[in-house]
Amino acid sequence: MTKIIGLTGGIGSGKTTIAKHIKSLGIPVYIADDAAKKILLLPKTLNSLKLVFGNSIFDNETLNKDKLSTIVFNNPEMLNQLNQIIHPAVKIDFDNWLEMNKNHPLVVKEAAILFESGSYKDCDAVITILAQLDSRINRIVKRDNINSEAVLSRINNQWTDEMRISKSDYVIENNNNVNIAFEQTENILKKLSNQ
């Protein structure tokens, strides 16, 4: 039976870096955010978005993700409606992916909102990645080319590290030395493989 390992952490904690490292070890990794981006562009999804959010989020029939983000990041009710459109489709996509990777003893599901979406319940164990706030802000400012206030606003819209830790089985510290984080990751995966 394939073990599903959840991998999560706040924005800028280094989930992508750790996920890439896990993949390099030969363990299949599902990136929920990548799946959600693809699902967002499917005709069925676009129709649902139009019904809920109206035409204001479209430029000439093309979804304007920035307009959608602006609406949902500042409005929990609208974010919830978006999640109700996207999350069920991501779950179906993950189940199909899992079926294709069922011969692996371990697979990893990387998701920023693993807890918020409830998908942690499908995991056999959950790993949370932590990083100091200033490191997280610097990473996102560089990556997304936005200012630190915008990053803080995103961070404040997510679960706190304390909330994630309370529901996690393992924690990885990803601060100044990524090799230490990689070592912690490998030790956790070895432990999980032997259980």
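This is a predicted model: local features need pLDDT of at least 70, side-chain atom pairs count only at pLDDT 80 or more; totals for chains, interfaces and linings use all residues.
**Exercise 1. Follow the rings around F115**

Task: Find out how F115 pairs with Y120 and with W159.

Solution. Step 1: recall the rule. Rings of Phe, Tyr and Trp (its six-membered ring) pair if their centres lie within 6.5 Å; planes under 30 degrees apart are stacked, over 60 edge-to-face, and the rest tilted. The model has 5 aromatic pairs by this rule.

Step 1: take Y120. Its ring and that of F115 are 5.2 Å apart centre to centre, with 55° between the planes, a tilted pair. F115 is buried at 4% relative accessible area, whereas Y120 is partly exposed at 22%.

Step 2: take W159. Here the centres are 5.5 Å apart and the planes meet at 10°, so F115 and W159 are stacked.

Step 3: look along the chain. F115 is in the loop between β5 (106-110) and β6 (125-130), and W159 in the loop between α7 (148-156) and α8 (161-167), so their pair ties together parts 44 residues apart in sequence. These labels come from DSSP runs (helices: H or I, at least four residues; strands: E, at least two), numbered from the N terminus.

**Exercise 2. Find a charge over a ring**

Task: Which ring has the charged end of K109 over it?

Solution. Step 1: the test is NZ of Lys or CZ of Arg within 6 Å of the ring centre and within 35 degrees of the ring normal. Step 2: K109 has its charged end over F94, 4.5 Å from the ring centre. Step 3: F94 also belongs to an aromatic cluster with Y30 and W97. K50 lies over the face of F58, at 4.9 Å from that ring's centre.

**Exercise 3. Explore the largest nonpolar core**

Task: Which element gives the most residues to this core?

Solution. Step 1: a nonpolar core joins buried Ala, Val, Leu, Ile, Met, Phe, Trp, Tyr and Cys residues through side-chain atoms within 4.5 Å. Step 2: the largest one has 28 residues, and L49, L63, L68, L82 and I86 touch the most other members. Step 3: α2 (32-40), α3 (43-53), α4 (65-73) and α5 (76-100) each give two or more residues to this core. Step 4: the most come from α5, with 7 residues.

**Exercise 4. Describe T185**

Task: What surrounds T185?

Solution. Step 1: T185 sits in helix α9 (residues 178-193) and is buried, at 0% relative accessible area. Step 2: leaving aside neighbours within four places in sequence, T185 has contacts (heavy atoms within 4.5 Å) with I18, I22 and I172. Step 3: the T185 side chain also reaches the backbone oxygen of A181, at 2.7 Å.

Definitions and conventions
Residues are numbered from 1 along each chain as its sequence is written. Side-chain values use heavy atoms; hydrogens and water are left out. Buried means under 20% relative accessible area, exposed over 50%, partly exposed in between (1.4 Å probe, protein chains only). A polar contact is a pair of N or O atoms within 3.5 Å; within protein, one must be able to donate a hydrogen and the other to accept it, and residues adjacent in sequence count only if both atoms are side-chain atoms.
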